[in-house]
Amino acid sequence: MQELRIGIIISTTREGRFADTPTRWLLQHFEMFPETSANVLDLRDFPMPFFEEQASPAYAPPNCADARKWAARVAEMDGFVFVTAEYNRSIPGVLKNALDYAYHEFNRKPAAFLGYGGVGAARAVEQLRLICVELQLTPLRNAVHIGMEQYLAVASGNRGLEEFDFLAASATSMIQDLVWWTRALRAARQGEAGRHEQA
Ligand SMILES: Cc1cc2nc3c(=O)[nH]c(=O)nc-3n(C[C@H](O)[C@H](O)[C@H](O)COP(=O)(O)O)c2cc1C
């Protein structure tokens, strides 16, 4: 059976970002799920300008070469985890910009979330779930929230994420949920493609 290709989207790009720490930790959890292959999609590798295309990618592919590269990488994935901070109670602008640059490549795939910061970036994650609806992504319930106390302990170098059992438990249930939905939606997409070929 083909592996489930999961895109781990790193949603901040500033120098010295915290994002790399939870991403490394999450990748270790994915190793316990051999039915998945986890692929890091780092927004630093897709330096897109503020959206300036003539039309939404729902209607026309972008002209920007980095945006095309980004959309092609998204298209290769079966499901996603957004690793995100909260910037002013919302998602980082660079993530919103990247989401505006793709559309069909996200459609009918599941999205899970790992947030970090005050209240575990819950406010940003809730907004991200709404954006997912418009992109026809399926936003999932189970998520990882690294709250302020753990964030500060880890960012200051005093503790490691692996020391928090409740975070490990939430990563496991998030990935289990993601595996189920990724498998279900991939089978549904493939079934639909097969029906179109027969027609
Ligand atoms: C512009 C900006 C706005 C922020 N706003 C919030 C916020 O609303 N809520 C919060 O919990 N943390 C906020 N923070 C603090 C971030 O949680 C913290 O800086 C985190 O490390 C950012 O993620 P990054 O290191 O991957 O960029 C903000 C940080 C920045 C740079």
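How do the residues of the shell around the ligand divide into nonpolar, polar and charged? Four are nonpolar, four polar and four charged. Here Ala, Val, Leu, Ile, Met, Phe, Trp, Tyr, Cys and Pro count as nonpolar, Asp, Glu, Lys and Arg as charged, and the others, Gly among them, as polar.

Before going on, two notes. This is a predicted model: local features need pLDDT of at least 70, side-chain atom pairs count only at pLDDT 80 or more, and totals for chains, interfaces and linings use all residues. Numbering starts from 1 along each chain as its sequence is written.

Now the shell by name. Around the ligand sit Thr12, Arg14, Arg17, Phe18, Ala19, Ala85, Glu86, Tyr87, Asn88, Arg89, Gly117 and Gly118. The cut-off is a C-beta atom, placed from the backbone, within 6 Å of the molecule.

Strands are DSSP runs (E, at least two residues), numbered from the N terminus. Two of them pair if DSSP finds at least two bridges between them.

Look at strand 1 (residues 4-10). Seven bridges join strand 1 to strand 2 in the parallel sense. Ile6 stands opposite Ala38 in strand 2.

Strand 2 also holds Asp42. Is Asp42 buried, exposed or partly exposed? Partly exposed, because 16 other C-beta atoms lie within 10 Å. Buried takes 20 or more, exposed 12 or fewer, and partly exposed is in between, with C-beta atoms placed from the backbone.

Definitions and conventions: Helices (H or I, at least four residues) and strands (E, at least two) are DSSP runs, numbered from the N terminus.
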